[in-house]
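The answers rest on a predicted model.

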Amino acid sequence: MVKHGILVISHGSRSEEWVRLVDEAVLAMHVPANVPVYSSFLEIVEGRLIQDGITALEMQGVTDIVVIPLFVSSGSTHIDEISYALGVKKEPVLPTDMLPFDIKARVHFTSPIDDDPDIAAILYEKLKPLSVDPSQEIVLLVGHGSVEKGFFEPWQDGMRKLAMRIQALGSFDEVDTAMLLPDQIPSKLNKWSECKPHHTVLAAPLFLSEGYFTNEVIPSRMQGYTYKYNGRALLPHPLLTRWMERQAAPFLEW
């Protein structure tokens, strides 16, 4: 007999608030009553790691685990190593210290966020309070990124498509993107200060939850430039819970 369970995997953080926001979004998922859901973390959160989640679900009789990688981009190197350790792919693209998990259930691996329209809607809603005159504004979508070949490209593609969705929602003059890896912020801000010096730059962080990157790294990288920024990440927002529900839905019976 087939019994499904859901394993949500996010990165993890030393910030209790970061973990709390992820857990609340996962707990808010609307799924069939007989489908257990476990919020797990790649690292840091002891007792709540991926193997802990697998073990907990299998102890409840789960034969099929629907894995939802709660990561911003397919270009994340963590997606590569996690899918390998779960047996979804035979070998990782990059070397990893992660060992294969002890897992008996079948794994159904869904996709990360990338350019989902609900995520674009969240980003637009979070940055909208900064906007006064969209025709005179440039939105700079800032994500973590990756310098690794084969990982940089999915990051770039997903962010570019999200930027197009935000542009359609907000009618801004421009919506551009910048990664932290490689550090693209200075070149982008220099370009706009030269090309459209009278425009206002609105910086929008493409991060799951507020923390070190949104509070410290992005402002430090933008120091010396004129911009508007409220540091608001994707969580909390009910649409992120809806996104997880849609990821799991094709595998569940109602």
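Q: Which residues of α8 are buried?
A: A residue is taken as buried when its relative accessible area is under 20%. In this predicted model, the covering of the buried residues of α8 includes β1, α1, β3 and α4. The residues of α8 that are buried are Leu240, Thr241, Trp243, Met244, Glu245, Gln247 and Ala248.

Q: Across which strands does helix α8 lie?
A: Helix α8 spans residues 238-248. Its direction makes about 140° with that of β3. The strands it lies across are β1 and β3.

Q: What is the order of the strands in the open sheet that has β2 and β4 as its edge strands?
A: β2 (37-41) and β4 (106-109) each pair on one side only. Strand β3 (residues 64-69) is joined to β4 by four bridges, and Asp64 stands opposite Arg106 in β4. The pairing is parallel, and the order is β2-β1-β3-β4.

Q: At about what angle to β1 does helix α2 run?
A: Helix α2 covers residues 50-59. It lies across β1 (4-10), β2 and β3. Its angle to β1 is about 170°.

Q: Why is one side of β6 and of β8 left without a neighbour in the sheet?
A: The strands of this open sheet are in the order β6-β5-β7-β8, with parallel pairing. β6 (174-181) and β8 (228-229) stand at its edges, so one side of each has no neighbour in the sheet. The reason is that each has a single partner strand.

Q: Which residue in β7 does Leu140 stand opposite?
A: Strand β5 (residues 137-145) and strand β7 (residues 200-205) pair in the parallel sense over six bridges. The residue in β7 that stands opposite Leu140 is Ala203.

Q: Which elements give two or more residues to the lining of the largest cavity?
A: The search of the whole structure finds two cavities of 30 Å³ or more, and the largest holds about 40 Å³ of space. Its lining residues are Leu123, Lys126, Leu127, Ala203, Ala204, Pro205, Asn230 and Arg232. The elements that give two or more residues are α4 and β7.

Q: How many charged residues are in the lining of the second largest cavity?
A: This cavity has a volume of about 30 Å³. Val72, Ser73, Asp114, Pro154, Trp155, Gly158, Met159, Leu162 and Leu206 line it. Six of the lining residues are nonpolar and two are polar, and the number of charged residues is one.

Note on methods
Residues are numbered from 1 along each chain as its sequence is written. This is a predicted model: local features need pLDDT of at least 70, side-chain atom pairs count only at pLDDT 80 or more; totals for chains, interfaces and linings use all residues. Side-chain values use heavy atoms; hydrogens and water are left out. Two strands pair if DSSP finds at least two bridges between them. Contact means heavy atoms within 4.5 Å. Axes are lines fitted to C-alpha atoms, for helices over the stretch in contact, and angles run from 0 to 180 degrees between N-to-C directions. Buried means under 20% relative accessible area, exposed over 50%, partly exposed in between (1.4 Å probe, protein chains only). On a 1 Å grid over the protein atoms alone, a cavity is a set of points where a 1.4 Å probe fits but cannot get out, and a pocket is an open set with protein on both sides within 12 Å along at least five of seven lines; lining residues have an atom within 4 Å of a point. Grid points are joined across faces, edges and corners, and a volume is the space filled by probe spheres set on the points. Ala, Val, Leu, Ile, Met, Phe, Trp, Tyr, Cys and Pro count as nonpolar, Asp, Glu, Lys and Arg as charged, and the others, Gly among them, as polar.
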